[in-house]
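This briefing concerns the predicted model shown below.

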Amino acid sequence: MTEPRSEPLVTAVITTYDRPARLEAAVESVLEQTYDSIELVVVDDHSETPAEAVLSDVDLGVLSGATIVRHETNRGANAARNTGIDAASGEYVAFLDDDDQWHPAKLARQVRAIERHGDAGVVYTGIERVGPDETRAEIPPAVDGDMTKALLCENVVGSMSVTMVRTELAQSVSLDERFPCWADLEWYIKLSRETAFVRVPEPLVVYDCDSVERLSRDFEKTHAGYELFVEEFEPLAAEYGPLFRRKMCGWAAFRAGKSAFHDGRYDRARELLVTAVRSYPLEPAFGTYLLASLGDRHSHRLASAVATIAT
């Protein structure tokens, strides 16, 4: 007789920088998982208040293991994630930004899903966006066919907090630390060329839209990420043909333009959205946002509503 197979160890990697209250809430959401075999790795990217002090009163004894790694200097989110991957000893590694939280069943659902698909290396879930006025669930779209091609245009997976990856794969395909943002999408594209993805549509991650420190709201970093993204992936997109290359460039400019628009940077938004329309005029959303950006802050609310409906 053989012994029943034990649950595979999952390493939960939380990266944190100067958000002590949110860090504690993120860790609590790991402790509340219904899945039993969890190792926690917290990577402190040189916070003013060290993560070790923040978590000193949190009982981590229920976990299979817990480690706090502190960078000697602030190196950025991608370097922190790579540090967490290097420290992981689980079969799978799951990521959690310090201002997000997991629903209790998240890891259990993901392990079950990826174990059913032996050829898959990445599993991702939906997300619950919580804002001051409403809470809404976002279900990732089903992707039929080429995941790489889908990701070159849109982030159909979501934030890092929704993903779980086979550790061996994550350790062989590192995040590009040059990217100040869009590193998640850059990484997903590289992973998609190595493995299959599994979708768990339930919204199992809580994303606080009202977090004022969200990296996605820093437009200058978004623009730098945009330029790096096009530089890195335009040759890959060209392999799918000249029209698709234009489509990829259009979507990249559109994402950066939307960021500028919602940040109130209307001049920059118009420049990028014009680029999007010129690159790929066949996508209606590009023109809709461009028209919306022609207003100023006084028309922003109405323009945002029209653009959101259109997309």
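In α3, the buried residues are N78, A79, A80, R81, N82, T83, G84 and I85. They make up 8 of the 11 residues of this helix (residues 77–87), so α3 is largely enclosed by the rest of the structure. The model is a predicted one, and the points below are grouped by topic.

- The cover over the buried residues of α3 includes the strands β1 (10–16), β2 (38–44), β3 (65–70) and β4 (92–97).
- Helices are also part of that cover, including α6 (167–172) and α7 (183–192).

**Nonpolar core**

- The largest nonpolar core contains 97 residues.
- Within this core, the residues with the most contacts are I14, M164, V165, W187 and F229.
- Helix α9 (residues 242–262) contributes the largest share of this core, namely 10 residues.
- In soluble globular proteins, nonpolar side chains tend to be buried together.
- Leaving aside residues up to four places away in sequence, F229 touches L152, F179, W182, L185, I189, E234, M248, A252 and R255.
- The contacts of F229 thus include the charged residues E234 and R255.

- W182 counts as buried because its relative accessibility is 13%, and the cut-off for buried is under 20%.
- H46 likewise has a positive phi, near 65 degrees, and is a residue other than glycine.
- The loop between β2 and α2 holds H46.
- With a relative accessibility of 32%, H46 counts as partly exposed.

**Cysteines**

- The model has 0 disulfides.
- A disulfide is a covalent bond between the sulfur atoms of two cysteines.
- For C181, the closest cysteine sulfur is that of C249, and at 17 Å it is too far away for a bond.
- C181 is buried, with a relative accessible area of 9%.
- C249 is in no disulfide either, and its nearest cysteine sulfur, in C153, is 9.5 Å away.

- Rolling a probe the size of a water molecule over the atoms shows where empty space is left.
- Across the whole structure, the search finds 1 cavity of 30 Å³ or more.
- The largest cavity holds about 40 Å³ of space.
- Its lining is formed by T16, Y17, D18, R19, P20, L23, S47, T49, A51 and V54.
- At least two lining residues of the largest cavity come from each of α1 (20–31) and α2 (51–54).
- The lining of the largest cavity comprises 5 nonpolar, 3 polar and 2 charged residues.

**Second largest pocket**

- About 170 Å³ of space lies in the second largest pocket.
- The residues D146, K149, A150, C153, E154, V156, F244, K247, W251 and E283 line this pocket.
- Two or more of these lining residues are given by each of the elements α5 (147–153) and α9.
- The lining of the second largest pocket divides into 5 nonpolar and 5 charged residues, with no polar ones.

**T125 in strand β6**

- T125 is placed in strand β6 (residues 120–130).
- T125 counts as buried, at 1% relative accessibility.
- Not counting residues up to four places away in sequence, T125 touches K106, Q110, P140, V157, V162, V200, E202, L204 and V205.

**L291 in helix α11**

- L291 is part of helix α11 (residues 284–293).
- L291 counts as exposed because its relative accessibility is 61%, and the cut-off for exposed is over 50%.
- The C-alpha atoms of L291 and R270 are 8.7 Å apart in space, while the two residues are 21 residues apart in sequence.

Key. Residues numbered from 1 in each chain as written. Predicted model: local features only at pLDDT ≥ 70, side-chain atom pairs only at ≥ 80, totals over all residues. Heavy atoms only, no water. Disulfide = S-S within 2.5 Å. Buried < 20%, exposed > 50% of the residue type's maximum accessible area, 1.4 Å probe, protein only. Core = buried A, V, L, I, M, F, W, Y, C linked by side-chain atoms within 4.5 Å. Helix = DSSP H or I, 4+ residues; strand = E, 2+ residues; numbered from the N terminus. Contact = heavy atoms within 4.5 Å. 1 Å grid on protein atoms, 1.4 Å probe; cavity = no way out; pocket = protein on both sides within 12 Å on 5 of 7 lines; lining within 4 Å. Points joined across faces, edges and corners; volume = space filled by probe spheres on them.
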